[in-house]
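Here is a short report on one protein chain.

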Amino acid sequence: QGGSAATLDESLNAQQYTRAALGFTYYAGPVVSIISPDAGPAAGNTLVRLFGEGLQACSTSCRCKFNETIVGATVDFVSANATLLCMAPDATGTLMLDGTRNVSLEVALNAQDYTSDGLLFTYFEEPAVTALLPSEGMYYGRTSVVVHGSGVRRAWPELQCRFGNTRSAHCNSTPQEWYGDSVVRATYVNGTVRCVTPASAQSG
């Protein structure tokens with residue numbers, strides 16, 4: 001059962017108890033089902049939103065645990081179901097040879113009893129863009145651009161290109177992801193990243 005409370009008193013002789021009447025609250029075990037985003041750069045500072053059940057019982061003792069690294073978490077009632085927010089810690093120097101590292105991400109509402117849902121957060125090498133081919137295109141868009149650089153070694157579900165940091169691009173605070181006319185999907189095939197340009201008006 002969740003949400004119930006009981007007073008806690010202490011005795012040294014199994015007879016006389018204190019009467020401080022301090023409260024202990026029971027809650028149903030939380031379950032985390034979705035992490036968004038589920039990846040971030042090794043330098044950390046990725047704001048991660050966790051969706052699930054029973055997260056509304058979070059108080060000042062909520063924690064996220066990335067493998068063995070523990071960080072604070074806060075509850076957010078942005079939708080009908082409460083979600084948790086936490087910042088991914090720094091994992092510099094821990095990446096594998098492929099430039100990534102998977103870590104478990106679990107939560108505790110009391111800084112002690114962690115979930116065991118088995119969800120993973122992936123750290124990746126910080127990508128860098130060094131050249132575009134071509135670097136020009138028609139104003140109406142639809143130019144296929146090859147993005148040259150480093151740090152992208154495989155396909156990613158959320159691989160994107162953003163043309164201009166303009167008002168047409170927005171950060172959706174629920175999944176913690178960017179969207180808008182200037183944000184387009186990118187593809188990764190045989191070591192090459194490609195994206196198709198939006199119209200110039202959509203880029204700002």
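## Terms and model

Strands here are DSSP runs of E, at least two residues long, and they are numbered from the N terminus. The model is predicted.

## Overall shape

The protein chain has 17 strands and zero helices. Its radius of gyration is 23 Å, well over the 17 Å that the globule rule gives for 204 residues, so the chain is more spread out than a compact globule. The C-alpha trace spans about 85 × 35 × 20 Å along its principal axes.

Of the 204 residues, 33% count as buried. Take the contacts with a separation of 6 or more: residues 24 or more positions apart account for 52% of them.

Strand β8 covers residues 83-87. Four of these five residues are buried, so β8 is largely enclosed by the rest of the structure.

Which strands pair with β8? One is β5, in the antiparallel sense, over four bridges. Here L84 of β8 is the bridge partner of L50. Another is β7, residues 69-76, again antiparallel and over four bridges. In this case T83 of β8 is the bridge partner of D76. As a general point, side chains in a regular strand alternate between the two faces of the sheet.

## T46: a buried loop residue

T46 sits in the loop between β4 (39-41) and β5 (47-53). Is T46 buried or exposed? Its relative accessibility is 12%. Buried means under 20%, so T46 counts as buried.

What does T46 touch, leaving out residues up to four places away in sequence? The list is P37, A39, G40, P41, C86, M87, A88 and F121. Two of these names, C86 and M87, fall within the 83-87 range of β8.

With 45% relative accessibility, Y26 counts as partly exposed. The cut-offs explain this label, because partly exposed covers values between the buried limit of 20% and the exposed limit of 50%.

Y26 belongs to a nonpolar surface patch, together with L8 and F24. The patch has an area of about 320 Å².

Note on methods. Residues are numbered from 1 along each chain as its sequence is written. This is a predicted model: local features need pLDDT of at least 70, side-chain atom pairs count only at pLDDT 80 or more; totals for chains, interfaces and linings use all residues. Side-chain values use heavy atoms; hydrogens and water are left out. Patches are made of residues with over 30% relative accessible area and no salt bridge: like charges are joined within 9 Å, nonpolar side chains (Val, Leu, Ile, Met, Phe, Trp, Tyr) within 5 Å. Accessible areas come from the Shrake-Rupley method with a 1.4 Å probe; for residues, only the protein chains shown count as cover. A salt bridge is a side-chain nitrogen of Lys or Arg within 4 Å of a carboxyl oxygen of Asp or Glu. Buried means under 20% relative accessible area, exposed over 50%, partly exposed in between (1.4 Å probe, protein chains only). Contact means heavy atoms within 4.5 Å. The radius of gyration is taken over C-alpha atoms; the globule rule is 2.2 Å times the number of residues to the power 0.38. Two strands pair if DSSP finds at least two bridges between them.
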